[in-house]
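I opened this entry to record what I looked up in one structure.

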Amino acid sequence: IVKIARSERANRLVEVAADSLTRLGAFAGAHPWAEHGYPHLLDVGEVAWPTGRRAAVVINDLNGGRGFISLEQVLAVHPGGLDGRDWAWIMRRLLWLVAGAHDAGLVHGAIAPSNVLISPVRHRGVLAGWGMSTTPGALLPARMASEAAAYPPEADGVVTGALDVWMLAQLMTRMLRPSESAQLRFARGCRQEAPGMRPSAADLSTEYDDLIDRLYGPRTFRPFPMPDLKRTD
């Protein structure tokens, strides 16, 4: 897939994505579990345009025969939210990937349904959308205008991994059925107003495993209820 900046002003966001995917590629090289959890950067460059030059990146096509869909598509088919057992495997993978990004020195900055891809058949997850990422202690280069309600209070200033924890908790709240009270309480506990009061993604991974063990007992593979979807990109 070739991603090209929509305008010269957006060149910076494409360059940010390229830098972050390079970091994540190095991280995955040292941590094999992360190899399939982030987009693979294949090339970078520029495209000539009548109004100037546009930055471009080439990444692997996750949709090409691999059955990945976005959580945006999942919500379209399950508008009432997911059973907590179906959300559990998605959340576990997201926590690993967010914690991995933080270990790599990155804040994602745009955790939303459109930027999370899953394979319903193979139960894999990919965290995409790295054009608004940054390093801890810096400003976000931009924010998703369509996801204004997903950002924590500190999003206008310098940010840390705590911003991603808040956004992941907001995503969790959107994805679950209202009846999933235990998991929704867990999400609320991740949205402390003060960033320093929020647990880290790595700590949350252990806490979440404990929660789903208490709720559902020994883990078994559960087919994900998703009808066949036509490719929409």
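My notes follow, beginning with the conventions.

I worked on a predicted model, in which local features need pLDDT of at least 70 and side-chain atom pairs count only at pLDDT 80 or more, while totals for chains, interfaces and linings use all residues. Residues are numbered from 1 along each chain as its sequence is written, and side-chain values use heavy atoms, with hydrogens and water left out.

**Rings**

I searched the whole structure for aromatic pairs and noted four. The term covers rings of Phe, Tyr and Trp (its six-membered ring) with centres within 6.5 Å; planes under 30 degrees apart count as stacked, over 60 as edge-to-face, the rest as tilted. I looked up W89 and F224: their ring centres are 5.8 Å apart and their planes stand at 85°, so the pair is edge-to-face. This pair links distant parts of the chain, 135 residues apart, with W89 in helix α3 (residues 84–103) and F224 in the segment after α6 (201–216). Helices (H or I, at least four residues) and strands (E, at least two) are DSSP runs numbered from the N terminus. W89 is buried at 8% relative accessibility, and F224 is buried with a relative accessible area of 8%. Buried means under 20% relative accessible area, exposed over 50%, and partly exposed in between (1.4 Å probe, protein chains only).

**Sheet**

I traced an open sheet of three strands in the order β4-β5-β6, with antiparallel pairing; strands pair if DSSP finds at least two bridges between them. β4 (69–70) and β6 (124–127) each have a single partner strand, so one side of each lacks a neighbour in the sheet. I then noted that α3 packs on the sheet, touching β5 and β6, and that its direction makes about 40° with that of β6. Contact means heavy atoms within 4.5 Å; axes are lines fitted to C-alpha atoms, for helices over the stretch in contact, and angles run from 0 to 180 degrees between N-to-C directions. β4 pairs with strand β5 (residues 116–119) over two bridges, and I recorded L117 as the bridge partner of S70.

**Loop residues**

Is H123 buried or exposed? H123 is buried, at 8% relative accessibility. I placed H123 in the loop between β5 and β6 and noted its positive phi, near 55°, in a residue other than glycine.

S133 lies in the loop between β6 and α4 (161–175) and is buried at 3% relative accessibility. Leaving aside residues up to four places away in sequence, I found S133 touching V16, S20, V107, H108 and P141.
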